[in-house]
Amino acid sequence: MLVRQRQHREVEVIADVVCDRCGQSCVNREVWGAPESVEDATTIAEVATFEAHWGYGSHHDGERWLAHLCEACAEAVREFIDTGAGAGVMVSS
Ligand SMILES: [Zn+2]
């Protein structure tokens, strides 16, 4: 038997994902509504995650870099890579 009771708990939710480059929200509020209506914004954000793990021998040994970028900023990064020395690194599907 399941014994149910009503409880009021305070929970922490991810209400938004903010671009680390431009500071804008990565959630399209015209589609998804106000931040209060979202339990986990990571599921609806249009966000690119760039991550780097620096290994032994690098100048950043042991560091981990993580950036969340909105679609426009991710496109800018992709354009930078595609037109720079890293041309051909990005893979599109
Ligand atoms: Zn951005």
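Visitor: In which element is the place of Glu71?

Guide: In this predicted model, Glu71 sits in helix H2.

Visitor: Is Glu71 buried, partly exposed or exposed?

Guide: The reading comes from counting C-beta atoms around a residue: 20 or more others within 10 Å make it buried, and 12 or fewer make it exposed. Glu71 has 14 other C-beta atoms within 10 Å, so it is partly exposed.

Visitor: How far apart are the C-alpha atoms of Glu71 and Ala45?

Guide: They are separated by 9.6 Å, while the two residues stand 26 residues apart along the chain.

Visitor: Which elements does the protein chain hold, and in what pattern?

Guide: The secondary structure amounts to 2 helices and 2 strands. Followed along the sequence, the pattern is α-β-β-α.

Visitor: Where does Ala67 lie, and why does it count as partly exposed?

Guide: Ala67 belongs to strand S2, which covers residues 64-70. It counts as partly exposed because it has 16 C-beta neighbours inside 10 Å.

Visitor: Which residues is Ala67 in contact with, leaving aside its neighbours within four places in sequence?

Guide: Those residues are Asp20 and Phe50. Ala67 and Phe50 are 17 residues apart along the chain, and their C-alpha atoms are separated by 5.2 Å.

Visitor: What share of the contacts in the protein chain join residues at least 24 apart?

Guide: Taking contacts between residues at least 6 apart in sequence, the share is 41%.

Visitor: How does one read a nonpolar core?

Guide: In soluble globular proteins, nonpolar side chains tend to be buried together. Here the largest nonpolar core has 10 residues in all: Val17, Cys19, Cys26, Val27, Ala45, Val47, Leu69, Cys70, Cys73 and Ala74. S2 and helix H2 (71-83) are the elements that give two or more residues to this core. Of the 93 residues of the protein chain, 11% count as buried.

Visitor: Which residues does Cys26 touch, not counting residues up to four places away in sequence?

Guide: Cys26 is one of the core residues. Cys26 touches Val17, Val18 and Cys19, then Ala45, Glu46 and Val47, and also His68 and Cys70.

Key: Residues numbered from 1 in each chain as written. Predicted model: local features only at pLDDT ≥ 70, side-chain atom pairs only at ≥ 80, totals over all residues. Helix = DSSP H or I, 4+ residues; strand = E, 2+ residues; numbered from the N terminus. Contact = placed C-beta atoms within 7 Å. Core = buried A, V, L, I, M, F, W, Y, C linked by C-beta atoms within 7 Å.
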